[in-house]
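These are my notebook entries on a structure I looked up, kept in the order in which I went through it.

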Amino acid sequence: MSSQNQDPEFTFNPHTTIMYDVYISFEPHYPSHPFISLLSGALKRAGVHLFLDNYMKPKSKDLILSSVIKGSRVSIVVFTTDFACTTWSLKELEKIMEYRSSRGQQVVPVFYEVDPEEVFNQTGHFGEALLATLARTSTNQAKVLSYRTALKEAAAISPRFLTNFRDRSNTIDSIVGHVTSLLDSTALFVAEHPVGVNSHVQDLIQLLDNKKSDGVFIMAIWGMGGIGKTTVAKALYNQISHNFDVRKFVPDIDERMEDFPRRWPLGIIEEELLLFLKEQVATKACNFDSTSVIWWEGIRCVKVLLVLDNVRSEKELEVLPVTCECFGPGSIIIITTRTKHDQFNETGINHVYRLKEMDYNECVELFSQSAFKKATPERTYADLINRALEYSDGLPLALVAVGSVLFERSRVEWDSVLERLKRFPLQDVWQVLRKSIDSLGYDMKQMFLVLAYLSHFFIGMDRNDVTQILQKAGCDVVVALKAIKGLEDHSLVSFEKDKFRMHRLIQDIGREMYLKESSIKPQ
């Protein structure tokens, strides 16, 4: 199977869930506009995780439209007199208003030194700029109508914030207050089709209800990439967050580490989180002195719900506030991770909840929702559906990806697509799964490659038998045991009832990597 040349039909983007609290849309000619700088700084100090493309450069403009805007809970649209000077601003606004209608995204209009009526009626200098842009770039009347409709709808949203150079500080305070209120009252988007999620949430709620300690309870949700850890954590957060004085969901720590290749992103995440907590202490805790260097003591009186999503390394556990001493009695810290770290014991994690692959009925329902847009599949596709389920092997990410590719295709096309999946895998799925492999040390990675390449031989064997075979092949038994334990912790292998198991897609990736990277040729 080759992943080098991806079939152009095999496109699927899994990043459609919430990645940011806020997206700021503004005139692209002025990414360093003083007002934008002041607004973004104030939002960060309030603990808001926002996207600004002047410091996070996307790979392409399409990524912004398809992922970042869709993956934000709130969009702030900053209108200026020159907002309509480029089609890019209009395209952004069109997409924002689309997600407001289809996904319930919150939109906050801000008018900086421009009259809202000019934007609504498309008159004055704003209207002139719009006419010039449309005349220069668009001959599609349907697109022109769509842009004009988006402008009218956005300008009519209430509340709207009017500001200029002189009173911008007061307006920014009002905007930040409104946005934080929206974020606090808006449920996190969980999934388009949250099949099987509720049963996990109920299990976790029962676990939390039965916890013995009145102190801080720390829990990890652990499982392989694409298994639904973030989805379950968001659903749980929505269910229980109302019981806490302070609540915070910190998304995609792993992704944010990659967004800053030349900086130390962990420090940025820590700073944002501490600023948020300090602001919350000021309003929630008693006798708070904002000038005190020991303000941190105040948070120990507050009941906090903190979710740290996609923690990938022990360094993050050391730096971020994941200890029993951080918050007040009754607080809960939840981390999602694909790696069961040695640091768990030192951190004082009370429980590790392992998320496993979906059962058959859940697989059928989730796949059907993607492939047929309904909970029950077409009976005439039964044989082809079983092939798709076998390929996905209970992994929610793969089930949704394969179903999306097959949507509205004929039986003949299904057969062709499923056959081509053997040679051209879905790259977006593979990229998610490869992250766990790429994080391995040398010895552990070599062991993984061997086990993956010979997985057809090892599947179903007892742990002792696997170890003995590796020992007979020349592997040091201590090294082998340590490597296998490490691969278990990285969610790359498992022993179900002491029987060796490796996910089908992990096997495929490992075999291909083995053929490319390994110098060992097993007989």
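I take helices (H or I, at least four residues) and strands (E, at least two) as DSSP runs, numbered from the N terminus. I am working with a predicted model, in which local features need pLDDT of at least 70 and side-chain atom pairs count only at pLDDT 80 or more, while totals for chains, interfaces and linings use all residues. Residues are numbered from 1 along each chain as its sequence is written, and side-chain values use heavy atoms, with hydrogens and water left out.

Entry on helix H23. I looked up H23 (residues 477-489) and found that its 13 residues reach 18 Å from the first C-alpha to the last, close to the 18 Å expected at 1.5 Å a residue (1.5 Å times one less than the number of residues). At its start, a side-chain oxygen of Asp-476 comes to within 3.0 Å of the backbone nitrogen of Val-478, and after the helix comes Ser-491, with a positive phi near 65°. Among the buried residues of H23 are Ala-480, Ala-483, Ile-484 and Leu-487 (buried means under 20% relative accessible area, with a 1.4 Å probe and protein chains only). The cover over the buried residues includes strand E6 (217-222) and helix H20 (442-453), where contact means heavy atoms within 4.5 Å.

Entry on Ser-89. I placed Ser-89 in helix H3 (residues 87-103), and it counts as buried because its relative accessibility is 1%.

Entry on Leu-236. I listed what Leu-236 touches, leaving out residues up to four places away in sequence, and found Val-201, Leu-204, Ile-205, Leu-208, Met-219 and Ile-334.

Notes
Buried < 20%, exposed > 50% of the residue type's maximum accessible area, 1.4 Å probe, protein only. Polar contact = N/O pair within 3.5 Å; in protein donor to acceptor, adjacent residues only side chain to side chain.
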